[in-house]
Amino acid sequence: MHQLLRHFTIFATFARNSLIRDMTFRANFLIEFVSSLSWVFMNLGFYILIFQYTPSLGRDTGWGKYEFFVFTGTALMINSLAGMLFMTNADNFGELIRRGGLDFVLVKPVDTQFLVSLQRVDWSSSGNLLVGLGLTLYSLKCLGNWPSALTAILYVFYILCGVAILYSLMFLLAATSVWLGRNETLFDFWFYIVSFGRYPMEIYQGRFGHPFRWFFTFIVPVLVAINIPARFLVEPLRPHSFFDWLLPLFTVLATATTFAICRGVFQLALRSYRSASS
Amino acid sequence: MLGTLMRFLPIVTQIFLWGAVFSALPSQNGAPGQIVGYSYHDVVAYYLLTMLSRAFSSMPGLASGITRDIRDGTIKRFLVQPIGLLEYLFFYRLAHKLVYYAVAIVPFAVVFYLCRGFFRETPQGLEWVAYVASLVLAFLLGFFLEATLGLLGFWFLEVSSFLFIYMLLSFFFSGHMFPIDMLPEPMASLVKLIPLQYLAYFPAAVFLGKIHGTALVTGLAIQAAWVVLFAFLAQLALQRGLRRYSGFGG
């Protein structure tokens, strides 16, 4: 408990410092804030356009316009949380290794992965988080089915699982920069993989879709990261099969496993770190 | 090369997304549903073709490079060297594209071969000529448009916010994200008035036979007119800009 409190205090300090830093360069902050919002609105425009032409994504999948917007809102929240808390840090990790700045982190009496992961909070992504929340609430209102307290709690829990999955994949890739040096393509790779999860898993159908869906559910669990929490809100009472009941349980397992692998690889990477010559 | 293959990854999601959209459409007299004249196969082919258009028209780092040269003074070497800035950049880009696509043609060919089933309509005879012409013009338009934006740096020094707006608009309105016929009126007509559609949408639509006859000829003429206009604007911006410009130190 004491440990947890201590880590939380450290994180709060990081968050505060980042906010002070962001507020020092306020115009820059505002530009980043607005620009990430414009991408979001552009995507929303695209989705609205799609639903001009189709009643639902896929036949009998239950993903109508507002169901899908609940999904998108959830996706936005999970992605922006991952982006806000970890993206800059993952990006920075390669730099810490290249310049040897990791030395200073290693000597501190706090867990290295914790320090490296949370040093900077990117507050300019907070706009996306709010838009995601707003979109989810608005779409739920249009659908007219409010979740029960239990569902809401489960929803929040699975959102955290989703963020943890995205985090683990991100730092799994970041940790490899100890061996590979700075590698920009890795992050593009992360971004592309994660973008597979931005749509309901039902769209991956057919000869290629099924293996694809299987792979990104059970091997690289990006599809469950967003699908499972979203399903709690929009399809809570309509499990299609026995399989659908098991998926939430599997998600917890997948989160734990991915995180454990990420943690293991990170520790391994630290052992291979040789500092930078200076 | 892996990087080029990876750029096709987002298309995978698009293919499945549109597959889902089309599967929910009611069929019309037994035939599969269409959206503004595009069948599912057309849409997938369209995305692949816009990748190809963008390969010609996108100029990563051109505008920001020009502004950087203006800001840090590198640009003054063009005042004394016997070659103009625009000519130098043009041939530099041309060479760059040629070399890059000499390599990238392999992943492009692989992807197009694997997806050959999506191409129901291929151009015939003269349509090939029109298609190639529209791609070449797309390259020229992309170059002069970005060069003009970069040369605004003479007046503003930092143009990244202009560039951001340009990128945002071009992503949405060049047809990179979806065929712009799908926009509701009057948006669709307005978007067809601005030059962005010639960077991605127009060549792809020509290939798919969506535009033919007089519309094709006028389309190409308008595209060429935009190229001339932006070539002129870039020249003008360079001349006026150099008159304002003063280099210090070195």
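In which helix of chain B is M6(B) found?

A: M6(B) is found in helix α1 of chain B. Before going further, some ground rules. The model is predicted, so local features need pLDDT of at least 70, side-chain atom pairs count only at pLDDT 80 or more, and totals for chains, interfaces and linings use all residues. Residues are numbered from 1 along each chain as its sequence is written, while chains are lettered from A and ligands numbered from 1 in the order in which they are written. Helices here are DSSP runs of H or I with at least four residues, strands are runs of E with at least two, and both are numbered from the N terminus.

Start with the surroundings of M6(B). M6(B) has 15 C-beta neighbours inside 10 Å, so it counts as partly exposed. The cut-offs: a residue is buried if 20 or more other C-beta atoms lie within 10 Å of its own, exposed if 12 or fewer, and partly exposed in between, with C-beta atoms placed from the backbone. Leaving aside neighbours within four places in sequence, M6(B) is in contact with D188(A), F189(A) and Y192(A). Contact means that the two C-beta atoms, placed from the backbone, lie within 7 Å. L220(B) is 214 residues from M6(B) in sequence, and their C-alpha atoms are 32 Å apart.

Now the contact between the chains. Chain B gives 23 residues to it and chain A gives 27. On the side of chain B that touches chain A, α1 (2-6), α2 (9-23) and α9 each supply at least two residues. The largest share, 9 residues, comes from α2(B). By type, this side of chain B holds 18 nonpolar residues, 5 polar and no charged. In that count, Ala, Val, Leu, Ile, Met, Phe, Trp, Tyr, Cys and Pro are nonpolar, Asp, Glu, Lys and Arg are charged, and the others, Gly among them, are polar.

Helix α9 of chain B also holds F162(B). With 16 C-beta neighbours inside 10 Å, F162(B) counts as partly exposed. Leaving aside neighbours within four places in sequence, F162(B) is in contact with L149(B) and L152(B). L149(B) is 13 residues from F162(B) along the chain, and the C-alpha atoms of the two are separated by 7.7 Å.

The peptide bond from E185(B) to P186(B) is cis, with omega near 0 degrees.

What of the core? The largest nonpolar core has 127 residues. Such a core is a set of buried Ala, Val, Leu, Ile, Met, Phe, Trp, Tyr and Cys residues joined through C-beta atoms within 7 Å. The residues with the most contacts inside it include I78(A), M170(A) and, from chain B, L141(B) and F144(B). Helix α3 (residues 65-99) of chain A gives the largest share, 18 residues. In soluble globular proteins, nonpolar side chains tend to be buried together. M170(A) shows its partners plainly: leaving aside neighbours within four places in sequence, it is in contact with A82(A), F86(A), A90(A) and W190(A).

Take α3(A) itself. Of its 35 residues, 27 are buried, so α3(A) is largely enclosed by the rest of the structure. At 1.5 Å a residue, α3(A) should span 51 Å, and its end C-alpha atoms are 49 Å apart, which agrees. The expected span is 1.5 Å times one less than the number of residues. α3(A) bends by about 50 degrees at F86(A); the bend is the angle between axes fitted to the seven residues ending there and the seven starting there. Just after α3(A), G100(A) takes a positive phi of about 80 degrees.

In chain B, α6(B) bends by about 45 degrees at A104(B), and the proline P107(B) follows within four residues.

Last, the chains as a whole. Chain A has 12 helices and 0 strands. Its radius of gyration, taken over C-alpha atoms, is 20 Å, close to the 19 Å that the globule rule gives for 278 residues, so chain A is as compact as a globular protein of that length. That rule is 2.2 Å times the number of residues to the power 0.38. Buried residues make up 35% of chain A. Chain B also has 12 helices and 0 strands. Of its 250 residues, 36% are buried. The C-alpha atoms of chain B fill a box of roughly 75 × 40 × 35 Å along the principal axes.
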